[in-house]
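Hello,

Here is the structure we spoke about, for you to look through. My notes follow below it.

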Amino acid sequence: MHIATTASTAPARHGAPTASPSRWLDPESWRTHGIPLLRDPRALIKRLYDLHQPVARTAVVGVLDRSERPVASASFGFGEGRTDGWRCRNLILANLRLIVPDDLRRTTPTHTTVLVIHRAGTREWEADDGRWMWGLHDACVLHGLRCGAVAVVSQDGWQLIADGRSGRTPALRPGRGGGPGGSRPIRAAGIAPARPATELPQVRYLPETGPTPLVRPSAS
């Protein structure tokens, strides 16, 4: 069984929070965790973007199989203001539990989780990204999944944190701000057990090939 551990105890560096450095990771610390590199990050980020149509201040968590095919994903808003590592972890974990069974009974995880943060401004790394990185790593430990890459998508394109790879598309379209009236967060269920419609306002299945069908439950 996986035991929850503190993701990092490294001292805070420039731009790091001073109160809780253990709930924060910088790119240098992130690389020490041996996060697997994505073979085709642009294709994956674009597929999740096309599926969820996120606005600023929206995160998308995706679950990948061994061939890096996304089998489930969820999008959720995280509002304005400074984030906290525990809050980031709890948001990610709550959505993972809705879309994919845990791998806690396996000696080796069969699925990898990636996180894509959408925000206005720049795609360059910021201190809040370090809290999301810690949150993703800790959520994966608690759910028995392999921790994968973290990416940022902004109006100037996308970038993988601590990886260096980036591109101009996908990018947030101008005027797609977050908050009330923005895009509606969805949960894309691929291999998760069926859940009441009230828990899944919209469900999108992720087939291996072809267009993605949309299934709308009778209640929302």
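**What was found**

Buried residues account for 48% of the 220 residues in the protein. Please keep in mind that this is a predicted model. The exposed surface comes to about 10,500 Å², of which carbon and sulfur atoms supply 51%.

The protein has 4 helices and 9 strands. Read from the N terminus, the order of elements is α-α-β-β-α-β-α-β-β-β-β-β-β. Of the contacts with a separation of 6 or more, 67% are between residues 24 or more positions apart.

Helix α2 covers residues 41-52. Its 12 residues reach 17 Å from the first C-alpha to the last, close to the 16 Å expected at 1.5 Å a residue. Pro41, Leu44, Ile45, Leu48, Tyr49, Leu51 and His52 are buried in α2. These residues lie on the same side of α2 because they cover an arc of only 165 degrees around the axis.

Some backbone details are also worth a look. Just after α2, glutamine 53 has a positive phi of about 45 degrees, and this residue sits in the loop between α2 and β1 (58-64). Glutamine 53 counts as partly exposed, at 29% relative accessibility.

Glutamate 68 also has a positive phi, about 70 degrees, although it is not a glycine. It is found in the loop between β1 and β2 (70-77) and is partly exposed, with a relative accessible area of 22%.

Finally, the peptide bond from threonine 169 to proline 170 is cis, with omega near 5 degrees. Proline 170 belongs to the loop between β6 (166-167) and β7 (187-188).

Regards

Methods
Residues numbered from 1 in each chain as written. Predicted model: local features only at pLDDT ≥ 70, side-chain atom pairs only at ≥ 80, totals over all residues. Heavy atoms only, no water. Helix = DSSP H or I, 4+ residues; strand = E, 2+ residues; numbered from the N terminus. Expected span 1.5 Å × (residues − 1). Buried < 20%, exposed > 50% of the residue type's maximum accessible area, 1.4 Å probe, protein only. Arc of directions from axis to C-beta. Contact = heavy atoms within 4.5 Å. Areas by Shrake-Rupley, 256 points an atom, 1.4 Å probe, with all protein chains shown as cover.
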